[in-house]
Amino acid sequence: MADSSSERLKSKVDLELLKPKNNLKKLQLANDLLVVLRAKVLEYPASHPLKGCSEFILFCCKLIENLVLKKDKIDKKELLKDVFKQLFNLQAPELLVLDATVEFLWSNGLICKIPFSKKSINWIKRKGACFF
């Protein structure tokens, strides 16, 4: 039943033209981040406290910095806090520590986008691998 409804809807409207915006876009990005970060958390031993690890926080900040565009108008720090709240069940004092850590990383210039040259080289390597 759901398949036929979906097919009828696709025949009437091109769903690719309808893009989520504002809060719906933020929720979609947060959900995508949660999926990626949960998989990343499972790669580390359970004894390592990732919620206070500055390297993991930096990894998450860089991921968000490269994922969220200015045109999305999403507060990146709030997105990080929301994701960490859901991922690690953080309380108010822990969120303050997270906030201070992000401010420290930002003020020291550690949070940055991946340069276009690195992206280009990586793309060429991936496409070149197909030919060899």
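**Reading helix packing**

Modeller: Helix 2 and helix 4 cross in a right-handed sense, and please keep in mind throughout that this is a predicted model.

Colleague: At roughly what angle do the axes of helix 2 and helix 4 cross?

Modeller: The two axes come within 10 Å of each other, and they cross at roughly 50 degrees. An angle between 35 and 65 degrees is neither roughly parallel nor roughly perpendicular, and helix 2 is therefore oblique to helix 4.

Colleague: Which residues make the contact of helix 2 with helix 4?

Modeller: From helix 2 the contact takes K26, A30, L33, L34, L37, R38 and V41, while helix 4 brings E78, L79, D82, V83, Q86, L87 and F88.

Colleague: How do the axes of helix 3 and helix 4 cross?

Modeller: Helix 3, residues 54-67, and helix 4, residues 76-88, have axes that come within 10 Å and cross at roughly 130 degrees. Helix 3 and helix 4 are therefore oblique to each other as well, and the crossing in which helix 3 passes helix 4 is right-handed.

Colleague: Which residues of helix 3 and helix 4 meet?

Modeller: On the side of helix 3 they are F56, I57, C60, C61, I64 and E65, and these meet K76, L79, L80, F84 and F88 in helix 4. The residues of this contact divide into 9 nonpolar, 2 charged and no polar.

Colleague: Which residues of helix 4 are buried, and what covers them?

Modeller: A residue counts as buried when its relative accessible area is under 20%. In helix 4 the buried residues are L79, L80, K81, V83, F84, L87 and F88, and what covers them includes helix 2 (22-42), helix 3 and helix 5 (92-107).

Colleague: What span should the 13 residues of helix 4 have?

Modeller: At 1.5 Å a residue, the 13 residues of helix 4 should span 18 Å, and the C-alpha atoms at its ends are 18 Å apart, which agrees with that expectation.

Terms used: Residues are numbered from 1 along each chain as its sequence is written. This is a predicted model: local features need pLDDT of at least 70, side-chain atom pairs count only at pLDDT 80 or more; totals for chains, interfaces and linings use all residues. Side-chain values use heavy atoms; hydrogens and water are left out. Axes are lines fitted to C-alpha atoms, for helices over the stretch in contact, and angles run from 0 to 180 degrees between N-to-C directions. Helices (H or I, at least four residues) and strands (E, at least two) are DSSP runs, numbered from the N terminus. Angles under 35 degrees count as roughly parallel, over 145 as roughly antiparallel, 65 to 115 as roughly perpendicular and the rest as oblique. A crossing is left-handed if the near helix is turned anticlockwise from the far one by less than a right angle, and right-handed if clockwise. Contact means heavy atoms within 4.5 Å. Ala, Val, Leu, Ile, Met, Phe, Trp, Tyr, Cys and Pro count as nonpolar, Asp, Glu, Lys and Arg as charged, and the others, Gly among them, as polar. The expected span of a helix is 1.5 Å times one less than its number of residues. Buried means under 20% relative accessible area, exposed over 50%, partly exposed in between (1.4 Å probe, protein chains only).
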